[in-house]
Amino acid sequence: MLRNKIIDLEKEIIERFVTNEEAVKMLVLNQLHPRSTTLIRAPRGVGKSTLMLLLLKGITGDDFVVISGASEVKRGEVVGRLHIPSLEKEGVERVLWAAFVKSKGKGIDELNRLNPYTTANIHHLMQFGEVWAYGQRARVGDYILVANENPSDATSFVHPPPFYDRFDICIFLRTLTLSEKFRLQELLDKYDWDLVGSMPQVLSFEELQEIREEVAGIELEPELIGYINLLVRDFQSCIREKENSEIKPPALCEGCHFIRDICGMIKEPVSERAAVALTHLTKAVKWLQGKCDVDDLFRMALWVFPHRLSLTRTRNILSDIQELLERERVKMEDRRVRRQWSLLNELMKGFDPSIYRLARDAAAEDVVFAEELMKLEEKWIAEGLLQRGEDISTQMGWRSHRYNRWRMK
Amino acid sequence: MESKKYRNFLEAESRRAPIEKRRSNSEERFWILWKEKVDRATIERGTSDIIDSLYFGEDLSRTVVIDRKVARIIQERLKGLEEENIRLHKRVRIMKIIIYGLMLVASVAVIALLLGS
């Protein structure tokens, strides 16, 4: 059974990889959708490369290629090189595509050291599923891509945020505790100091593709889809539209009504890809375990957000995001207690002054809800049900650019 | 045009946390009301500094929140301490009796010695 194979894969990796069990579980879950990309971040010597190789070996056997950012990788090694004899004899530019392009399993060691040119090629591969060399294009089929990096490495290149955004999840590994060090030594003895060599191929890539098709066909409940979108929107929204502002929080938040909200802690918001990644993971959990609840969603968000956003103040990115997620959980519960979505549901059916008054009160404390209410207000103003000036956006001074433009039509 | 899934989400949330619209006596106004449902999801709140205070003697903050597990630990601990207290009390009483007995025997022995000499 395919589910058992995934469980076995997880078991085989955990058997060879000390601690960080949640990270391993996330790593395996993230492989259950097409063209999966995973980033592993950890200090040096914690096992980033080992974990990457264990996964690649467990799924693709020997059909994987690892390029190393630490060495001077050239385009020929990553994308393709020109076939010189064809050029000399026939005057034809034939490209020999690199093994990295053709292999099902792709690994990038020390991603942070990858030069910007190679990074751009890999970025293009992840974005469009194709590579270009010498004016020729090669389509890249389904694959698994795992990269690792040590963010505190002094020789890092600063890669652009959109590049990191292409990674579905980012898992963090921690150093081993005292007892875990003993466990690692036992494991090394058990596997004759070759953890990766001892890793069996648990499933074939074709089986993985079959699983990916099954996972893609999983239907999610409206509640789960709603919470995914709500969670991502709460980590994006800003009544002053920070994504279009050159001034970022906390300076942008000066005097803002929502200064104490989650939005005030986030300098660069997450992208829409966060919702896509969370949807893939939620489907994968449902496929593997038969169910997925809101708590699972919050646990997974911890691995989907860290590489996609920047905070106004970061002490420890994981615990900072964990703290924001806990606040977010309380906020979602508050929304239910205040019946916000029920009010909005009623207002979607038609304008009702009694319900509108309650919705305005709720909007004064919730940016995401305010955005939805403001959209309805514009509709009611156009229909003559509400006067300009009576709406919350005018009264609170929330003049969103997109709504103003819409008003002008 | 709103997405069908968005409408489904709002409908689902409305079913979980419904509101009621009731006409007031004046017939012109409406009341919007709702009741707290029994199955309302509760947020897991962690225990504040009570354990640190009990075991490490640290100062408590103004408000202390404890969860059921910690309350159970404290209950068990109080029960244990009370039992220990009763046991020690009994032991003290027995020791007192023994000491009085020994003192009596010693004084009888001293008197017997004095009379004998």
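A search of the whole structure finds 31 salt bridges over all chains, a salt bridge being a side-chain nitrogen of Lys or Arg within 4 Å of a carboxyl oxygen of Asp or Glu. This is a predicted model, in which local features need pLDDT of at least 70 and side-chain atom pairs count only at pLDDT 80 or more, while totals for chains, interfaces and linings use all residues. Residues are numbered from 1 along each chain as its sequence is written, chains are lettered from A in the order in which they are written, and side-chain values use heavy atoms, with hydrogens and water left out.

**Confidence**

- The average pLDDT of chain A is 92, and 97% of its residues score at least 70; pLDDT is the predictor's confidence in each residue, from 0 to 100.
- Over residues 405-409 of chain A, pLDDT stays under 50.

**The interface**

- In chain A, 26 residues are in contact with 24 residues of chain B, where contact means heavy atoms within 4.5 Å.
- About 2,400 Å² is buried between the two chains, and carbon and sulfur atoms give 62% of this area; buried area is the accessible area (1.4 Å probe) that two parts lose on being put together, summed over both.
- One salt bridge joins Arg336(A) to Glu13(B), with the closest N and O atoms 3.4 Å apart.
- Helix α15(A) supplies eight residues, the largest share of the side of chain A that touches chain B; helices are DSSP runs (H or I, at least four residues), numbered from the N terminus.

**Salt bridges within chain A**

- Side chains of opposite charge can pair when their charged atoms come close.
- Glu323(A) forms a salt bridge with Arg315(A), and the closest N and O atoms are 3.8 Å apart.
- Glu323(A) is partly exposed at 43% relative accessible area, whereas Arg315(A) is exposed at 60% (buried means under 20%, exposed over 50%, partly exposed in between, with a 1.4 Å probe and protein chains only).
- Arg388(A) pairs with Asp391(A) in a salt bridge whose closest N and O atoms are 3.6 Å apart.
- Arg388(A) is partly exposed, with a relative accessible area of 40%, while Asp391(A) is buried at 0%.
- Asp234(A), Asp261(A), Lys331(A), Arg335(A) and Asp366(A) are joined into one network by salt bridges that share partners.

Notes:
Helices (H or I, at least four residues) and strands (E, at least two) are DSSP runs, numbered from the N terminus.
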